[in-house]
Each structure stands twice: as structure tokens, then as C-alpha cells.
Amino acid sequence: MAEAPTDKFSAGEQGLGYIYQPRLALLHLLQLPEDTAVLLEKDDDLDFVDGDGRKSLASLKHKASGDRLTDLSTDFWKSVNIWLVRYKNNGRAASNLRFLLLTTATVSANSFLSRLLPNHTATVADATALPAFADAALAGSTSKTIAPITAAFDELSEAEKQDFLERILILDGSPRIDDIPAIIKDKHMRSVRREHREFVFGRLEGWWTDAIIKHLTGSRPDGIFGYEVSDKLSGFAEEYKADNLPITFRGKLPADEIDTDADPRMFVAQLRQIGISSNRIRSAILDYYRAFEQRSAWARENLLVSGEVEEYEDRLADEWNRYKDVAFEKLKDDSAEEALREAGATLYNWAEFETGKIESLRIRARVTEPYVLRGSFHILADATPEPRVYWHPRFLDRLSGVLGVTP
């Protein structure tokens, strides 16, 4: 990680903390039972609620490299201040709360906080001595920040102090923000081929960010469950199997506004020739955009086999040619324009609504997203110098005039 900025007005570290919170939440949710839910900014930075309703409140600290926790570290005692309030409000010793401090810093070996680490081997004497260690540390503080925390802690009885401190677990040396993606990919994506893990992680984190936003804005107040993460990760992984491809442009819109009347592209001109309505032309433009961008994304991720798109287009063009002969079979050289348009509309309707039922016309067996197939027909209809598919029976004869080109 780059060095922290020295400008005293910089908010870089604070900004890292905000990003660290959801990213670390994702990592821990992957490590916990699937019936665990996580909530952000409720009773603490993170609240983990297990299937039996037990809650663990987690404070997160993303510190500079080399930072250490000592007896009077404000990171610890500020977290204690929050936890004391929750502890008292939830019935003290009768509450079902646990408290976590997740910090990238490490606990000093000579600090009593080392007794709150998960790998500390506690004796009976250590456990009963916890309140005494805490009291001694607080008594040695002259900090105005810690003083009110000392007063709040002293409101507890000795038994409650011991109970409270025994509920605290410090997970020091927690992963830094830029280490988390590699940990998730290496330990939780082993069912995903290594060359695809980066893309699957990007998809997962994108979904996770959206879920976090919905949670924080109140549209999903109950938090996010571990099984949701598992389901999403499994679903994304399935899209990268040999008989499938990821679908990432569903619902996406082009940056420029769609103008069905002024769009000069050949595939749009073709639709005007057979009298397709403006609304359907708009849908066609969207299908073209999504299919084109989806193909580009697949190519960037090296998901396509050499020649795969070309072979796919050949299949579509061949099937189109077969149905074209059926749709145009009864036309004559002197057929009226209305009959020509009707035959073209029949052919186009087949391509738009019927071809999706033909399994052999999928680019891969499990790629069933309609815009892939529909948009591919429009890409073929937009090919230059001559379209590989067309709808109006006389379109090729009228091509120069339709496009305003002098032959």
C-alpha cells in the first residue's frame, strides 16, 4: 500500500476506513456460517448476527503499517466505550453480545490486551485478573478522552467487569484493504478456474457494493446473509463454465440518447423498410448495444475460443437463410410493397421471437439471454459492405438509396 499522505487536511486514511468496512465485512461473512447476517453502522461498524440471534459487535481499525496496540491505545478504549453502552442497554451479564476489535495493528506482547487475543492460552488466574489489569491501565491514564470511559467502566461491578472483558476478542493483524481480494480469491474461489477469479471477484464485489448501498439506505434493513453471498458467488462461477458465458449487460443503456428516427445505422434502416414501430426499433437498438458490448467484454476477459464468434454468426446466417426462403417463397417479381413488407416483418418476427427457442442458435449451450441472440442478428444486419442478413426482400437492391450512397 502507498504511504499515507502527510497533508494534515488529507482524508485519505478516513476514506480507506470507509472502503475497508464493506470489504472486510464480505471476507468475514464468507468465513462464517451461512445463516449469519451482517449489518453496517447499526450498533457498531459491523454487527454479525448468527442463526440463533447472538450478536457480535465489531469495531474496525485500518492502521498504518507497523502500528501496535498497547494498554492505553485509544482505538481499543473508544471501542470499549461503544460496547459498554450496548452491554448496559442489553441486560449486562444477561445479554447475548460479543465484542470484536478487528485491527490491522498488532497487540504489544507486554500489554494486557494480549489476553484478549484468540490464541492466548488463559489460566483461571488470568481470567479473574482481567478486571485488575484493565483498572490498572486506566488508572495510569491522564487522557481526557479515556477519563469518561474509565467512569463508565467503573459503573460495572467486579463480576460484570470480568464478564464484559471476557466477551471481547481482538483480531489483530487483520488483512489490510489491498490484501483482501487475494485472500477471497485464493481461499473462497477454488471452484473457479484461476484465470477467471479476478473477473468473478469483480462481479461479486460489484453486487456486494450494491447490496451495501441498499442496506445503508434502508431498503434492506435486515442486513445481508452469508447464504446470499454463497449463492451469488456460485451463480457467477457457473457463468464461467465451459458451456456458459457471463451476462453483464442486462438492463444496461448506451451513454447517448436513443433517437430511432435519426439513427443512420444499416440495421435500423432495415427495420424502417419493413415498417417496424419506433418502440420496437428502440428495443432493437438496445439489443444491438448490449450484444456488441457483451461480446467486447468477453473478448477482454479472454473467454472466447478463437473463431467462436465467427462460427456462431455463420450458424445464425445459415438458419436465417433457410427461414428467409420460407418467408419469401410466395413472393413474385411484381409483388406489391405491402406484401414485401409483410414478408420481411414475418422474417424479422421469427428472428426476434422464435429463434430463442432453438438451442443450436445459442453461442454456448447455457447462454439463453435474449439480447445476445437478437443483438447478434442486428450485428449481422449491420455488416459492411453488405449485410449478412436482411428483412425486406428487396433491401439489397435498394441498399444504395436507403443509405444515401451513390453506387
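1. Let's start in the sheet: S5 (residues 97-103) and S7 run parallel to each other and share 4 bridges. Leu 102 has Leu 171 of S7 as its bridge partner. Two strands count as paired here when DSSP finds at least two bridges between them, and strands (E, at least two residues) and helices (H or I, at least four) are DSSP runs numbered from the N terminus.

2. Before going on, a word on the source: this is a predicted model, where local features need pLDDT of at least 70, side-chain atom pairs count only at pLDDT 80 or more, and totals for chains, interfaces and linings use all residues. Residues are numbered from 1 along each chain as its sequence is written, and side-chain values use heavy atoms, with hydrogens and water left out.

3. Now the whole sheet. It is open, has 6 strands in the order S7-S5-S3-S2-S1-S8, and its pairing is mixed. S7 (168-171) and S8 (224-225) are the edge strands with a single partner strand each, so one side of each has no neighbour in the sheet.

4. S3 (residues 55-61) deserves a look. It pairs with S5 in the parallel sense over 7 bridges, with Lys 61 opposite Thr 103 of S5. With S2 (residues 46-49), S3 runs antiparallel, joined by 4 bridges, and Val 49 sits opposite Lys 55. S2 and S3 make a hairpin with 5 residues between them, and Gly 53 in the turn has a positive phi of about 90°.

5. How many of the S3 residues are buried? The count is 7 of 7, where buried means under 20% relative accessible area, exposed over 50%, and partly exposed in between (1.4 Å probe, protein chains only). Lys 55, Leu 57, Ser 59 and Lys 61 point one way, while Ser 56, Ala 58 and Leu 60 point the other way. Do note that the two lysines, Lys 55 and Lys 61, are among these buried residues.

6. On to the packing. The largest nonpolar core has 76 residues, and Val 38, Trp 208 and Trp 391 have the most contacts inside it. Helix H10 (residues 278-300) gives the largest share, 8 residues. A core here is a set of buried Ala, Val, Leu, Ile, Met, Phe, Trp, Tyr and Cys residues joined through side-chain atoms within 4.5 Å. A second, separate core has 29 residues, including Val 107 and Phe 112.

7. Val 38 itself, setting aside neighbours within four places in sequence, is in contact (heavy atoms within 4.5 Å) with residues including Leu 46, Phe 48, Trp 208 and Ile 224.

8. Helix H9 (residues 266-273) has 7 of its 8 residues buried, so the rest of the structure largely encloses it. Among the buried ones are Met 266, Phe 267 and Gln 270. Just after H9, Gly 275 has a positive phi of about 75°.

9. Which residues lie nearest the centre of the second largest pocket? They are Arg 203, Phe 236, Glu 239, Ile 247 and Arg 250, out of 16 lining residues. By class, the lining has 6 nonpolar, 3 polar and 7 charged residues. H8 gives the largest share, 3 residues.

10. Last, a loop residue: Ile 358 lies between helix H12 (337-354) and helix H13 (370-381). Ile 358 is partly exposed, at 23% relative accessible area. Ile 358 and Asp 334 are 24 residues apart in sequence and 34 Å apart in space, C-alpha to C-alpha.

Technical notes
On a 1 Å grid over the protein atoms alone, a cavity is a set of points where a 1.4 Å probe fits but cannot get out, and a pocket is an open set with protein on both sides within 12 Å along at least five of seven lines; lining residues have an atom within 4 Å of a point. Ala, Val, Leu, Ile, Met, Phe, Trp, Tyr, Cys and Pro count as nonpolar, Asp, Glu, Lys and Arg as charged, and the others, Gly among them, as polar.
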